[in-house]
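Hi,

Here is the structure I promised to pass on.

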Amino acid sequence: YFLRPQAVSAAAVGVEWLTATATTARSAAGGGKESTMERIRYHVPEDGDDAAHPNVFELVSEGAVRVGDVRRHFPLPGRFHLRFRRRVAGLEVWADAADDAAPAPRLAGRILVKASRLA
């Protein structure tokens, strides 16, 4: 996995950039495997972040992005409890994801995270 952190607000980069969820590229080392770059959108309410204008970091993987990938590559220092936005029984909710091996939950094709600082 390769991480390219970009803690940037949506307002600073524009809507067009944020609407692109994933891009694919051939690996530079031999060009055989295809990798996927996901833009992980997150906000930290305790820091005054607004969910409507999330920060973004990019995560490149050779397969589905897993919950553990998001945890391991989260760009801010410190310990965080992560919740993922998803649809449950027709409602949009922030849900805990306990299994690091599970695919990261998505809403409308995007990975949306609410991070709470742990003491």
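Predicted model: local features only at pLDDT ≥ 70, side-chain atom pairs only at ≥ 80, totals over all residues.

The largest nonpolar core has 17 residues, and the ones with the most contacts inside it are Val70, Leu82, Phe84 and Val113.

Once you set aside its neighbours within four places in sequence, Leu82 is in contact with Val70, Arg71, Phe74, Asp96, Val113, Lys114 and Ala115. Two of the names in that list, Val70 and Val113, are also among the core residues with the most contacts.

For the overall layout, the protein chain has three helices and seven strands. Starting at the N terminus, the order is β-α-α-β-β-β-α-β-β-β. Of the 119 residues in the chain, 34% are buried. Among contacts with a separation of 6 or more, 55% are between residues 24 or more positions apart. The accessible surface of the chain comes to about 6800 Å², and carbon and sulfur atoms hold 53% of that.

Now to E4, which I'd look at next. How many residues of E4 are buried? Seven of the seven, so this strand is largely enclosed by the rest of the structure. As you know, side chains in a regular strand alternate between the two faces of the sheet. In E4 both faces are covered: Asn55, Phe57, Leu59 and Ser61 are buried on one side, and Val56, Glu58 and Val60 are buried on the other. Note that Glu58 is in that buried set too. As for its pairing, E4 runs antiparallel to E3, with seven bridges between the two strands. One detail from that pairing: Phe57 in E4 is the bridge partner of Ile40.

Phe57 turns up again in the aromatics. There are four aromatic pairs in total. In one of them, Phe57 and Phe74 sit edge-to-face, with 6.1 Å from centre to centre and 90° between the planes. This pair links distant parts of the chain, since Phe57 belongs to strand E4 (residues 55-61) while Phe74 is in the loop between helix H3 (67-72) and strand E5 (80-88), 17 residues apart.

Most residues other than glycine have a negative phi. Ala89 has a positive phi of about 50° although it is not a glycine. You will find Ala89 in the loop between E5 and strand E6 (91-96), and with a relative accessible area of 80% it is exposed. Ala108 also has a positive phi, of about 55°, and it is not a glycine either. Ala108 lies in the loop between E6 and E7. At 77% relative accessibility, Ala108 counts as exposed.

That's what I have for now.

Cheers

Note on methods. Residues numbered from 1 in each chain as written. Heavy atoms only, no water. Phe/Tyr/Trp six-rings, centres within 6.5 Å; stacked < 30°, edge-to-face > 60°. Helix = DSSP H or I, 4+ residues; strand = E, 2+ residues; numbered from the N terminus. Core = buried A, V, L, I, M, F, W, Y, C linked by side-chain atoms within 4.5 Å. Buried < 20%, exposed > 50% of the residue type's maximum accessible area, 1.4 Å probe, protein only. Contact = heavy atoms within 4.5 Å. Areas by Shrake-Rupley, 256 points an atom, 1.4 Å probe, with all protein chains shown as cover. Pairing = 2+ DSSP bridges.
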